Amino acid sequence: LQNTLVTQSPTSTDTALRDAYAFIPSGLISTTSSQQTLSSTQQMLYHYGNNVGSFIQFFEQQYPTAVVILKDQVEDRADPQKAAAVLEFARAMENLGHNLLNSIGDIPQGVASAHAALAQSYIEAGKNLALIPKTIDDAGFLSAIETYNASADTFVKNYVALATLFSVYGVTFNSSDAGSVFTFSPISL
C-alpha cells in the first residue's frame, strides 16, 4: 500500500478525490434562503391567511383536548360536568365562526365566499354540537350525532376548499406562520 501511494503522482490523487466526490449530489444544501416574490394578490392572500389562521390557532390552543372532551361526554352522558365541557366547546366553536365573519377585515375577493362558508361552518357545527349533550334518550342522542356529523362534513369540505384556494393562488405558509393551519402535511402511519 505504501508503494502505491509513493508511486502516484499529485495529478492522479487529485483525480481520485474528484471521482470520490462526484457521487455526492450537489445543490441539495443551501446556506441562504431565497425570498419568493409575491404578487399583490398573493400578498393580500398571505396576510389574510395569517389573520384567519391566528383566530383558528387561538381556538385550537384553547381546546387542545377537544377529542377527549367529546369522548368523555359520550362515554358518560349523565355527567353534568362533561356535558358542560361539550357545551363550552360548542359555544367557542360558534363564536369562532362569528369572529371570522365580523372581525376579519380586507377579505380578498377571490376567497370571500369560501371565507363566509368556513365561518358559517364553524357556527353550524357549534350549534349542532351543542345539541348532543342536551339529549335525553338514545334515539335523540343518535339523531343529534348524525346532525352534528353532517355539519362537520360540511365544515371539512369548506376548510379544504379555502386551503385549496391558497394553493391555487400559489400562496404558501411556513410552519411558523399562523396561515400554516391551511397547509396539510403528509403523515406516515
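The protein contains seven helices and zero strands in this predicted model. From the N terminus on, the order of elements is α-α-α-α-α-α-α. Of contacts in the protein with a separation of 6 or more, 72% are made by residues 24 or more positions apart. The protein has 189 residues, and 32% of these are buried. Its accessible surface amounts to about 12500 Å², with carbon and sulfur atoms accounting for 56% of that area.

The interior was examined next. In soluble globular proteins, nonpolar side chains tend to be buried together. Here, the largest nonpolar core comprises 39 residues, and Tyr122 and Phe182 have the most contacts inside this core. At least two core residues come from each of H3, helix H4 (66-75), helix H5 (80-102), helix H6 (112-131) and helix H7 (138-168). The greatest contribution is that of H7, which supplies nine residues.

Asn50 lies in helix H3, which spans residues 40-62. Asn50 has a relative accessible area of 16% and is therefore classed as buried, the cut-off being under 20%. With its neighbours within four places in sequence left aside, Asn50 is in contact with Phe173, Asp177, Ala178 and Gly179.

Methods. Residues are numbered from 1 along each chain as its sequence is written. This is a predicted model: local features need pLDDT of at least 70, side-chain atom pairs count only at pLDDT 80 or more; totals for chains, interfaces and linings use all residues. Side-chain values use heavy atoms; hydrogens and water are left out. Helices (H or I, at least four residues) and strands (E, at least two) are DSSP runs, numbered from the N terminus. Buried means under 20% relative accessible area, exposed over 50%, partly exposed in between (1.4 Å probe, protein chains only). Contact means heavy atoms within 4.5 Å. Accessible areas come from the Shrake-Rupley method with a 1.4 Å probe; for residues, only the protein chains shown count as cover. A nonpolar core is a set of buried Ala, Val, Leu, Ile, Met, Phe, Trp, Tyr and Cys residues joined through side-chain atoms within 4.5 Å.
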